[in-house]
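Subject: Structure handover

Hello,

Here is the structure I promised to pass on. Please open it alongside this email.

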Amino acid sequence: MRILKIVNGNDKGGVFTCEKQFIEELRQRGAVVDVIILGEGNSADEYQKISSSSFKLPALEASYGGPIFSILSSILVTYRYGVKYSRVIENQISASTKYNAIIYRRPLFMHFAGQLAKRLKTKVLWHLPNVARTTFSKNYYNAFCKRYGIVQVANSFFTKSSLGRQCKYVVYPGFDNKRVEKSAPVFRDNLDLGSDTPVYGLAARMHEDKAQDLVVEAFVNSDVSRNGGHLLIAGEPLDSDFALKVQEKAGSLFNKQVHFLGNITSMPEFYSSVDVVINGRRNVEPFGITIAEAMGAGKPVIAYKLGGPSEMIVDGANGWLVDKATALSYQQAFNLSISKKNTWPEMGRIAKENSYKFTVEKNVDTLLEIINT
């Protein structure tokens, strides 16, 4: 099998983690995975390293956000990019090279991927990283996916529902078991925290969408902090306006019970250092790879309920769902979780048992079935 992936050289966070894991798993199974990298960035070299071969193109400078005029202008930019660079790539690929599928994730790549698939006479899959948030975007995506023959593959059933009946498949982004292996509790040990000390952890890039401000404010005012618990916050940047706001929320608990770790390189050490994982969010979470990883690590999870979290967390069984994206609602979840501290081991066991369907291996199985259909 030969697959052509279209990726962004500046990918980061969950999208980059998913792309990397899928490429590595597909190649481990004997597939040839070539990549087209759009633009330079932190991820470009890594994509080049893990792929079978690679092509580089200029970045696609457009955004499907803002006022309608800006969106329409960006649609024109992405269409023209597709016309120009689908020809460029066609000319660089040998006529004897045949692909089973082209796969892309970012919505901006739709015209490029669709036109390239026509030129290479192969099928194309869109593995959605996010929901269609408006009626306009739903109709736009569905119309051009139909025109290009693009197979829509959602990253959760919630995402699938946002596109309607045209989207028939779900492939979770999946988590890599290597990221949740049992490890020494390095971060707990570095802080000299005993095994009986309640430790909560949140790992995500510092961004308003990830709601670190709400989580920290909730923790400071919760029964967890009053009972000597600690909160580990992993993620960068630490010098942005939002990050500084989050650190201010910690107040007198800054570097005492609320600890900012910055960028971390070992997720096993992080998961092994915490008792409960928090997936912070102030808007819809399309999937939530941190939730899947935490389950795989055998940890109960606190998460805002909208979107993918409700497909993974059974409230009170393997975690707690937050009703509203407010500091008060997160605080209530903290209070409930600490009151159930004696159930954490059993909740973690249930979480791990239910994590298999979210592994990268299981979801690559599903992806290959779709390609071969």
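Below is what was found in it, taken topic by topic.

Please keep in mind that this is a predicted model.

**Helix H1**

Start with helix H1, residues 13-28. At 1.5 Å a residue, its 16 residues should span 22 Å. The end C-alpha atoms are 23 Å apart, which agrees. Much of what follows here concerns its buried residues. They are Val15, Phe16, Thr17, Cys18, Glu19, Gln21, Phe22, Ile23, Glu25 and Leu26. What covers them? The cover includes three strands: E1 (2-8), E2 (32-38) and E5 (123-127). It also includes the helices H2 (44-50), H12 (289-296) and H16 (360-372). Just after H1 comes glycine 30, with a positive phi of about 100 degrees.

**Helix H5**

Helix H5 covers residues 135-148. It has 14 residues and reaches 20 Å from first C-alpha to last. That is close to the 20 Å expected at 1.5 Å a residue. Its buried residues are Ser137, Tyr140, Tyr141, Asn142, Cys145 and Tyr148. Their cover includes helix H3 (68-92), H4 and helix H6 (157-163). Strands E5 and E6 (150-154) are also among the elements covering them.

An α-helix has 3.6 residues a turn, so residues three or four places apart point the same way.

**Cysteines**

How many disulfides does the model hold? The count comes to zero. Cysteine 18 is in no disulfide, and the nearest cysteine sulfur, that of cysteine 167, is 15 Å away. A disulfide needs the two sulfur atoms within 2.5 Å. Cysteine 167 is in no disulfide either; the nearest cysteine sulfur to it belongs to cysteine 145, 8.9 Å away. Are these two residues buried or exposed? Cysteine 18 has 1% relative accessibility, so it counts as buried. Cysteine 167 also has 1% relative accessibility and therefore counts as buried.

**Cavity and pocket**

Next, the empty space. Rolling a probe the size of a water molecule over the atoms shows where empty space is left. The count comes to one cavity of 30 Å³ or more. The largest cavity has a volume of about 30 Å³. Which residues line it? They are Lys5, Phe22, Leu26, Ile103, His127 and Leu367. By class, that lining has four nonpolar, one polar and one charged residues. Phe22 and Leu26 are also among the buried residues of H1.

The second largest pocket has a volume of about 260 Å³. Its lining is made of 19 residues. Arg188, Val274, Asp275, Lys299 and Trp344 lie nearest its centre. Helix H15 (residues 344-353) gives the largest share of the lining, three residues. By class, the lining has six nonpolar, seven polar and six charged residues.

**Backbone details**

- The peptide bond from glutamate 236 to proline 237 is cis, with omega near -5 degrees. Proline 237 sits in the loop between strand E9 (230-234) and helix H10 (241-249).
- Lysine 121 has phi near 55 degrees, a positive value in a residue other than glycine. It is found in the loop between helix H4 (110-120) and E5.

Aspartate 196 lies in the loop between helix H7 (186-190) and strand E8 (199-203). Why does it count as exposed? Its relative accessibility is 65%, and exposed means over 50%. Aspartate 196 and aspartate 209 are 13 residues apart in sequence. In space they are 32 Å apart, C-alpha to C-alpha.

Lysine 49 is found in helix H2. With 62% relative accessibility, it counts as exposed. Along the chain, lysine 49 and phenylalanine 287 are 238 residues apart. Their C-alpha atoms are separated by 27 Å.

Best wishes

Conventions
Residues are numbered from 1 along each chain as its sequence is written. This is a predicted model: local features need pLDDT of at least 70, side-chain atom pairs count only at pLDDT 80 or more; totals for chains, interfaces and linings use all residues. Side-chain values use heavy atoms; hydrogens and water are left out. On a 1 Å grid over the protein atoms alone, a cavity is a set of points where a 1.4 Å probe fits but cannot get out, and a pocket is an open set with protein on both sides within 12 Å along at least five of seven lines; lining residues have an atom within 4 Å of a point. Grid points are joined across faces, edges and corners, and a volume is the space filled by probe spheres set on the points. Ala, Val, Leu, Ile, Met, Phe, Trp, Tyr, Cys and Pro count as nonpolar, Asp, Glu, Lys and Arg as charged, and the others, Gly among them, as polar. Helices (H or I, at least four residues) and strands (E, at least two) are DSSP runs, numbered from the N terminus. The expected span of a helix is 1.5 Å times one less than its number of residues. Buried means under 20% relative accessible area, exposed over 50%, partly exposed in between (1.4 Å probe, protein chains only). Contact means heavy atoms within 4.5 Å.
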